[in-house]
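Subject: A structure for you to look at

Hi there,

Here is the structure I promised to pass on. Please have a look at it first, and then read my notes below.

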Amino acid sequence: MANRVTAIYPGSFDPLTNGHVDIIERGQRIFDRVIVAVLVNVEKNPLFNSEERVHLLREVTGCWDNVEVDAFDGLLVDYALAKEAKVILRGIRAVSDYEYEFQMALMNRRLKSSIETVFLVPAEAYSYLSSTLVKEVFNLGGSIAGLVPSVVEDYMKQKINSDRGKI
Ligand code: PNS
């Protein structure tokens, strides 16, 4: 029990993509416990609120016993400490991700040196995939099939239909 390693996989997940799911799947094979941690306060106009993002993540990750989903606010390292996690898990898709991820990893190390950041690489099919692009394509009427879990796609369609109904 004492040597069990918990990893936190933090992110905005607005929305959850198949690239995120790929990282969660790889992470849960390596670590004893993976906590997917949804950042509560993202950009001003998120597609989904934090409750919706947590709900969708729970739907998709329910098949893995060692994966939990939670929401967090404040400093990531404080949250990781509270959860007794030794690892922050992040995905790196391409070299372009590296600078931002490198800065975050070093800042987090400065804040709490006992927590290590571990990077995993998703399948190359997802190397171009981002939540931002998914939202843009979807809002402009393009297909996002295969880019996000089907439950997320359905939820996005419902949301756009209900928003149109309000106008
Ligand atoms: O999916 P994202 O938006 O790239 O995730 C960014 C996230 C949530 C990992 C980052 O914004 C974060 O850790 N926010 C919490 C606040 C914090 O600890 N900031 C300092 C990190 S160096």
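Let me start in the sheet: strand E1 (residues 6-11) and strand E4 (residues 87-91) pair in the parallel sense, over two bridges. Two strands count as paired if DSSP finds at least two bridges between them, and the strands (E, at least two residues) and helices (H or I, at least four) are DSSP runs numbered from the N terminus. Within this pairing, Ile8 stands opposite Ile88 in E4.

Before going on, a word on the source: this is a predicted model, in which local features need pLDDT of at least 70 and side-chain atom pairs count only at pLDDT 80 or more, while totals for chains, interfaces and linings use all residues. Residues are numbered from 1 along each chain as its sequence is written, and side-chain values use heavy atoms, with hydrogens and water left out.

Back to the sheet. It is an open one of five strands with parallel pairing, in the order E3-E2-E1-E4-E5. Strand E3 (67-72) and strand E5 (116-120) are at the edges with a single partner strand each, so one side of each has no neighbour in the sheet. On average, neighbouring strands are turned by 30 degrees against each other, direction ignored.

Helix H4 (residues 95-111) lies across E4 and E5 and runs at about 170 degrees to E4. These angles run from 0 to 180 degrees between N-to-C directions, with axes fitted to C-alpha atoms, for helices over the stretch in contact; contact means heavy atoms within 4.5 Å.

Now the aromatic rings. There are four aromatic pairs, counting rings of Phe, Tyr and Trp (its six-membered ring) with centres within 6.5 Å; planes under 30 degrees apart are stacked, over 60 edge-to-face and the rest tilted. One of them is Phe48 with Tyr155, edge-to-face at 5.5 Å centre to centre and 70 degrees between the planes. Phe48 lies in the loop between strand E2 (33-39) and helix H2 (50-61), and Tyr155 in helix H6 (residues 150-166), so the pair ties together parts 107 residues apart in sequence. Phe48 is buried at 1% relative accessibility, whereas Tyr155 is partly exposed at 23% (buried is under 20%, exposed over 50%, partly exposed in between, with a 1.4 Å probe and protein chains only).

Enjoy exploring!
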